[in-house]
Amino acid sequence: MISSLLLTLILVASVIIFVPQVRRILISSRLLKIFRKILPHISQTEQEALDAGTVWWEAELFSGRPDWSKLLAFPKPKLQAEEKAFLEGPVEELCAMLDEWQITRELHDLPPHVWQFIKDKGFFGMIIPREYGGLGFSAFAHSEVIMKISSRSGTAAVTVMVPNSLGPSELLLQYGTEEQKSYYLPRLAKGLEVPCFGLTGPEAGSDASAIPDSAIICYGTFNGNEKVLGMRVTWEKRYITLGPVATLLGLAFKLHDPDGLLGGQKDLGITLALIPTDTPGVEIGRRHFPLDAAFQNGPNSGKDVFIPMEYVIGGLEGVGRGWRMLMNCLAAGRSISLPATSTGGAKLATRATGAYSRVRVQFKQPIGFFEGVEEALARIGGHTYMMDAARMMTAGAVDLGQKPSVISAIVKYHLTERGREVINDAMDVHGGKGICLGPGNYLGRSYQQIPVSITVEGANILTRNMIIFGQGAIRCHPYLLKEIRAAGDSDTKRGLVEFDKALAGHFVFTVGNGLRSLMHGLTGGRFAKAPLNTDSEVQGYYSQLTCCSASFAFLADISLLVLGGSLKRRERLSARLGDILSLLYLCSAVLKRFNDDRRPPSDLPLLHWSMQDALYRVQQAFDGVLDNFPATGFTRRVLRFMVFPLGKPFSPPPDELEHKIATLMLAPSEARDRLTAGIYIPTAKDEPLNVLEQALQHAVSCEATEAKLRTAIKSGQIPAQEEESIAAALKQRVITSTELEILKKMGALRRRVIMVDDFPSDFGSRSDKATEAASQSTDEQRMSTI
């Protein structure tokens, strides 16, 4: 009797679950009603942001079962011959021309001959195809160029970066009419036009979709022609890079058609236009001064400026499509520019700090031998290794045709933040050498200006708390976007069928990941898939990432199920889930880089530190989600058991590993060169970095001689006083005359390295009225005209 009843219950449950027609009536239709209620309202701009770009490796990480062989099969980014020649030729020449102290302190701009060189050599046209007169470079080459310049001058890097990122060139390439492309792209490529793009305004910063700038469709007079169909545009923008010197202004605004001149729709949506800055009514404001950086940046505005419809990017077909255009272009541009500048700064800090730590002596030994400094050096080297790996993999994805909207947010946030950590540690190690500005300071300006990269192209707080997981969860999840689209389907019958299909798959997906998470946790990931053709030291990381991927996918689904639309407002919870996804991506990049580099053993300390540090951070992020999950204590304990059934498995990198990284950074080696590859290393004899490199080489070559002196002093063979000890050592043949000359050279180089710039006592004092007037804010000026 009991067995028959049990069998009947199993049969009924099976019919309900596995027969779609029955499941739709009894389960899916009810859940669809609930889903529609908890689903947050998605605005048109939010929908366009979700639809923008493509999904790539991040979707594998969201699956719970990433296919590592697929990752390793992606080709390693490589430079073409002409791209390599450009880096070794014009880029090297440009870097040699740059003096960041002169640029930032004396000129507050690039010198005129540098501006002309940048234009003449096509730096503004790297992304423009050759048929339009551009260089037609790959995304990877673009990244390499920006990275190298940024290791020399932040001002020059930003100046070159902006025309090749989100701006007129990219917008024209993707959406411009053929007439617009044929006219503007050759002029932009040759530097005959200097572009800028106006999106941000006083009332619309990170929430760019809320721009108040507007235009009204109307007829007007233009270039002597009457009855021209166009629009009157009113706007106020600020923080516009290259704005003060631009000849061509890209502009975003909301377009309205109250008289129905284009049809029946009154509000046409965000639209983009290209406006020559000499157009009557365009007001180019004065300059901003962002943290002592000298790149051109400032406000612009206009009131009822009439422009013809042909100025709209894409012509009439581009009307109302501006937000989609911006989101698609931002996905590619943000993947390259800021990651490249941050990595260039980090590589410079890595090479310089390692050398300085070996040359600078305190308590009769190089400061790099102290464990406290070793700890900082390990962070510097480990972060830089991971940053460069992520930069290369992401640029490679763009070259494969991807427009990675989620990944672009990941690398923008995490590489700028890690860049900040690297610069902070480098400044701590340099001490007084780092804080005294002057021609000999190669770190100070980077330290000052790092918040600029943190702020632009989406403030980092917003990016972490709202975009990475908020957008990633919907774009990367194999079923969630299908469920959302089904819920919004105007055909209710079709919507129910599609929702039921997605729901069934979603259920299996969630349960499967929950079981995998538990199994991997109980077995230590022994059954998690990993590539077979990898080193035994590295193979375990693939398995650990697979475990974390399954746990992440499970916990993300549970969060979406419990919180629904309110997860959008749970920003800290969303941020921690985003951290997990981001760190899994960064770890994937590290493993791919190591494999692409043919697994050099000398790079293993950098790989181990990067992976162990990141996995420990993943564990902390899981901890933060579980500790703050909005549920009962029992539910939290169950979730914690599913994720960490045997406790927390990861620890931060050990001291011995940090010692190995510090040792790697303290002497010339192939590993050190690989870690800092692609930056500008000056060769002029008076260049501070060149002096530092020479001092490092001499410090290493003097090591044996200095050891002999210490031994002789300790034994009493020679006196302890430095001058007497060296003379006695030579006399008693402890050292040779050749060794003595090297020691003297080392002493002179060390002296040059540790010295800092000084200035007259009245340095920097100004009393002229013009300077005083220059401090007046643009907002104050504008208030007087309102």
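Residues are numbered from 1 along each chain as its sequence is written, and side-chain values use heavy atoms, with hydrogens and water left out. Because the model is predicted, local features need pLDDT of at least 70 and side-chain atom pairs count only at pLDDT 80 or more, whereas totals for chains, interfaces and linings use all residues.

A search of the whole structure finds 31 salt bridges, each defined as a side-chain nitrogen of Lys or Arg within 4 Å of a carboxyl oxygen of Asp or Glu. One of them joins Glu 82 to Arg 130, with the closest N and O atoms 2.7 Å apart. Glu 82 belongs to helix α6 (residues 81–97), while Arg 130 sits in the loop between α8 (112–120) and α9 (139–150), 48 residues away. Helices are DSSP runs of H or I with at least four residues, numbered from the N terminus.

Helix α6 also contains Glu 92, which forms a salt bridge with Lys 148 at 2.6 Å between the closest N and O atoms. Lys 148 lies in helix α9, so this pair ties together parts 56 residues apart in sequence. Lys 148 is buried, at 10% relative accessible area, and Glu 92 is partly exposed, at 28%; buried means under 20%, exposed over 50%, and partly exposed in between (1.4 Å probe, protein chains only).

A further salt bridge connects Asp 388 and Lys 347 (2.9 Å, N to O). Asp 388 is in helix α15 (residues 371–399) and Lys 347 in helix α14 (residues 337–359), 41 residues apart. Asp 388 is buried at 3%, as is Lys 347 at 1%. Through shared partners, salt bridges join Lys 76, Glu 144, Lys 347, Asp 388, Arg 391, Arg 593 and Asp 597 into one network.

Methods: Helices (H or I, at least four residues) and strands (E, at least two) are DSSP runs, numbered from the N terminus.
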